[in-house]
Amino acid sequence: MKKILRIYLLPVLMVLTVSSCKKTFLADSINHNVPTSVPASLLLNGVLYNMVDFPDNSLTIWDQYYIYNYNYYGNNQYEFGSGDDYYTTLKNVLLMEQQAAKAGSPAVNPYSTIGKFFRAYFFSKMSLEEGDIPMTQALQGLANLKPAYDTQKAVMVQSLAWLESANADLTTLIAAGGNSLAGDFFFNGDLTKWQKVVNAYRIRLLLELSKKTSDADLNVATQFSSIISNPIKYPLMASANDNLQFVFVSPTNYYPETPDNFGQSGSRQNGSQTYISLLTAFQDPRVFVTHEPARHLVDDLHQSPTDFASFAGADPGLDLGIMYSNANAQDYSFINRHRYYSTYTGEPSVQIGYAEQEFN
């Protein structure tokens with residue numbers, strides 16, 4: 001009898017034990033403190049943050065607004081890579097739309113509509129930097145690890161179409177009323193302001209394509225004219241109050257240049273000849289706002305601090321040792337310390353603004 005029990009019951013007990021262990025292991029491997037899904041509002045919040053072009057030392061150096069004169073903190077080499085990559089952000093756009101639908105939103109809802117704007121914004125921005133990029137077959141994950149590249153023209157045609165569709169959807173949503181865009185820290189869910197942003201960005205994109213007016217597929221001139229001549233269908237920004245801008249708040253979100261880092265960067269970064277010479281050549285008063293006059297020219301040579309000739313930038317290609325010596329001799333203009341180092345808040349970072357719209 002004991003032999004029979006050993007033969008027949010032992011394997012059964014082993015199976016049950018293994019199954020029990022497996023079940024326990026799987027259950028214990030799940031972290032219940034980490035969410036498996038998040039609402040569309042939180043995804044929107046992250047996407048909005050990712051679209052902000054924050055003031056950045058590296059970008060400013062590469063654009064030669066100001067440059068390093070001391071290599072301990074950095075140099076003036078061009079090492080900015082191939083361009084921005086927003087595919088992860090775009091995946092979150094898709095998830096945002098899916099979560100909105102999962103929550104019971106209709107096919108046309110604030111998240112699906114703003115998602116069209118995000119597609120146009122991120123794909124066109126990447127294409128303007130990099131040319132041909134994956135778009136049509138992108139964002140499929142494991143289903144397509146080698147998406148085909150779309151031509152830059154195809155990206156632009158599709159982006160303009162998304163913006164047209166987003167404007168139409170926003171008109172419908174605004175007329176219906178009662179629609180919420182929770183998670184929107186730019187406009188607190190105001191769809192009327194988002195509609196102005198959509199059309200202002202479309203104006204920007206059309207201006208980028210202004211040398212392609214002969215292309216029938218892009219139809220640049222007609223699209224531009226239709227927006228300008230029909231403000232009811234295509235509302236645009238009416239003032240700076242409509243700006244899409246990131247507002248810096250102290251003490252949670254400091255502007256990058258603060259009184260705390262003046263000692264490090266205030267004298268280690270001086271004005272660039274590329275930027276300052278353009279402003280002084282055209283007597284552009286913005287040079288008085290962004291930079292200070294060179295102390296040597298004012299204190300030693302007694303030039304007027306309000307004279308355009310008193311502002312001087314360094315050649316970005318100059319040896320850093322020589323530039324550092326000249327900077328110590330006060331031969332260059334430095335960043336305006338009152339504007340950039342006297343506050344922790346700073347000015348908003350405008351992404352799409354009224355001033356640019358009017359210029360375009």
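Across the whole structure, a search finds 26 aromatic pairs, a pair being two rings of Phe, Tyr or Trp (its six-membered ring) whose centres lie within 6.5 Å, with planes under 30 degrees apart counted as stacked, over 60 as edge-to-face and the rest as tilted. The model is a predicted one, in which local features need pLDDT of at least 70 and side-chain atom pairs count only at pLDDT 80 or more, while totals for chains, interfaces and linings use all residues. Residues are numbered from 1 along each chain as its sequence is written, and side-chain values use heavy atoms, with hydrogens and water left out.

**Aromatic rings**

Among the aromatic pairs, Phe118 and Phe122 are stacked, because their ring centres are 6.0 Å apart and their planes lie at 25°. Both belong to helix H5, where a spacing of four residues separates them by about one helical turn; helices here are DSSP runs (H or I, at least four residues), numbered from the N terminus. Phe118 and Phe122 are both buried, a word that stands for under 20% relative accessible area, whereas exposed means over 50% and partly exposed lies in between (1.4 Å probe, protein chains only). Phe186 and Trp194, by contrast, form an edge-to-face pair, with 6.4 Å from centre to centre and 70° between the planes, and these two residues are buried as well. A ring also meets a charge at Tyr70, where the charged end of Arg268 sits over the ring, 4.7 Å from its centre; the criterion is NZ of Lys or CZ of Arg within 6 Å of the ring centre and within 35 degrees of the ring normal.

**Salt bridges**

The structure holds 15 salt bridges, each defined as a side-chain nitrogen of Lys or Arg within 4 Å of a carboxyl oxygen of Asp or Glu. Three of them are set out below.

| Pair | Closest N to O distance |
|---|---|
| Lys125 and Glu129 | 3.6 Å |
| Arg202 and Glu164 | 2.5 Å |

Lys125 is buried, at a relative accessible area of 15%, while Glu129 is partly exposed at 37%.

Lys153 is partly exposed, with 35% relative accessibility, and Asp217 is exposed, with 54%.

Arg202 of helix H7 and Glu164 of helix H6 tie together parts that are 38 residues apart in sequence. In that pair Arg202 is buried at 4% relative accessibility, whereas Glu164 is partly exposed at 25%.

Neighbours within four places in sequence aside, Met96 is in contact (heavy atoms within 4.5 Å) with residues including Leu43, Ile114 and Phe118.

Methods. Helix = DSSP H or I, 4+ residues; strand = E, 2+ residues; numbered from the N terminus.
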